[in-house]
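We'll walk through it piece by piece.

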Amino acid sequence: MTTDADISRAAETLRRGGLVAFPTETVYGLGADADDAGALARLYAVKGRPGEHPVIVHVGAAGQLDDWAAGVPVAARRLGEALWPGPLTLVVRRAARVLDGVTGGGDTVGVRVPDQPVALALLRAFGGGIAAPSANRFGHVSPTTAGDVRADLGDDVDVVLDDGPCSVGVESTIVDCTGDELVILRPGGVTRERVEDVSGQAVGVRSGSLVRAPGTLKSHYAPEATVLVVDRQDLTERATALLASGECVGVLAPGPIPILPTGVVVLDAPTGADEYARVLYARLREADRRGVDVLLAVPPPETGVGVAVGDRLRRAAGREHS
Ligand code: TXA
Ligand code: MG
């Protein structure tokens with residue numbers, strides 16, 4: 001789907017200050033040269049993202065962490081060496097040369113090596129760091145296909161590299177490595193247990209809102225439909241009441257679905273957490289396409305990447321307050 005010529009053209013576009021959307025294993029990213037202040041300004045404008053929010057720098061190999069960080073802690077180095085390429089972002093102290101357009105003016109920087117062949121080919125061809133948030137407008141559902149990127153950003157993006165649907169489907173796990181204790185700022189494709197195993201340390205979890213990370217704002221990753229996180233046993237009653245008040249009701253629930261009133265839009269949710277994560281954002285988009293007003297969502301069991309799915313559903317529901 002993506003040729004060597006496409007990769008070269010995309011790398012050239014980045015060098016000229018352009019914007020390139022590219023697949024990662026988590027979601028599609030909207031990339032700009034992390035060393036080009038003008039390109040970063042355009043990236044923020046296209047995303048519609050407030051200027052003080054930091055973006056993740058994507059690099060091609062763990063060895064490049066030191067190009068962006070100052071004084072990498074042992075635990076962070078261990079995590080990068082063991083889990084990169086992979087769905088993990090490490091927040092470390094920034095090197096002095098890192099632009100404010102990347103850090104949002106703060107003194108830390110998020111770095112990750114994505115585990116996706118097209119992303120890695122692009123990073124190799126480009127050579128430097130690619131600053132990339134998810135390739136959606138601020139606050140919307142992250143894109144997991146090239147078509148989603150085009151639907152959200154249209155011609156505001158210069159090149160879209162297409163390598164099919166993302167394999168993980170939810171964003172990377174963000175680990176803050178700047179304090180005495182490692183802290184997960186956003187759950188994702190790498191579990192807390194794995195971070196603890198590899199680092200040999202206990203790992204904290206930040207819940208609620210963290211101003212510097214928009215993915216932790218109260219309503220984020222959200223479709224047009226109102227999302228309500230519910231228990232399976234409440235589905236029938238909630239759906240019936242909402243239908244009676246004239247709403248178009250959708251249901252997203254793994255495993256056996258109870259008997260629902262006719263007219264409810266049933267979206268397919270796989271039983272396994274990995275599979276649920278892979279299709280989550282596509283289902284939220286489908287709910288909007290099918291005119292759903294209220295989506296009743298049952299999260300998967302909170303194990304593995306199921307923790308991240310539950311987190312995103314609650315944030316889509318706008319209920320994750322500090
Ligand atoms: O999987 C991912 O991480 C995807 C793909 C494209 O790599 N990227 C992504 O980027 O989700 P974005 O910008 O949509 O979400 C990154 C989150 C934001 O909430 C941002 O504020 C936070 O990471 N972040 C970035 N740098 C940070 C830093 N230095 N300190 C704290 N949070 C940071
Ligand atoms: Mg995002």
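Is D163 buried, exposed or partly exposed? D163 is partly exposed, with a relative accessible area of 26%. For these words, buried means under 20% relative accessible area, exposed means over 50%, and partly exposed is in between (1.4 Å probe, protein chains only).

Before going further, a word on the ground rules. This is a predicted model, where local features need pLDDT of at least 70 and side-chain atom pairs count only at pLDDT 80 or more, while totals for chains, interfaces and linings use all residues. Residues are numbered from 1 along each chain as its sequence is written, chains are lettered from A and ligands numbered from 1 in the order in which they are written, and side-chain values use heavy atoms, with hydrogens and water left out.

**The whole chain**

You'll find 11 helices and 14 strands here; helices (H or I, at least four residues) and strands (E, at least two) are DSSP runs, numbered from the N terminus. A compact globule of 322 residues would have a radius of gyration near 20 Å, and the chain agrees with that at 19 Å. That radius is taken over C-alpha atoms, and the globule rule is 2.2 Å times the number of residues to the power 0.38. The C-alpha trace spans about 60 × 45 × 30 Å along its principal axes. Of the 322 residues, 57% are buried. Take the contacts (heavy atoms within 4.5 Å) between residues at least 6 apart in sequence: 66% of them join residues at least 24 apart.

**Back to D163, and on to D197**

D163 sits in the loop between β7 (159–160) and β8 (173–176). Setting aside neighbours within four places in sequence, D163 is in contact with M1, T2, P23, Y28, Q116, P117 and V118. D197, by contrast, belongs to helix α8 (residues 192–199) and is exposed, with a relative accessible area of 61%.

| Pair | Apart along the chain | C-alpha separation |
|---|---|---|
| D163 and T2 | 161 residues | 6.5 Å |
| D197 and L79 | 118 residues | 9.6 Å |

**The nonpolar cores**

A nonpolar core is a set of buried Ala, Val, Leu, Ile, Met, Phe, Trp, Tyr and Cys residues joined through side-chain atoms within 4.5 Å. The largest one has 49 residues, and L79, V102 and V175 touch the most other members. Helix α2 (residues 37–47) gives the most to this core, with 5 residues. V175 touches L79, L88, T89, L90, V91, L182, V183, I184 and V195, leaving out residues up to four places away in sequence. Apart from this core lies another, of 28 residues, including V170, A225, V265 and L267.

**A wrapped-up helix**

Why is helix α11 (residues 306–316) described as largely enclosed by the rest of the structure? Because 9 of its 11 residues are buried. Those buried residues are G306, A308, V309, G310, D311, R312, L313, R315 and A316. Their cover includes β9 (182–186), β11 (226–229), α10 (273–289) and β14 (294–297). After α11 comes G318, with a positive phi near 70°.

Most residues other than glycine have a negative phi, and most peptide bonds are trans. W84 and P85, however, are joined by a cis peptide bond, with omega about -10°. You can find P85 in the loop between α4 (74–83) and β4 (88–93).
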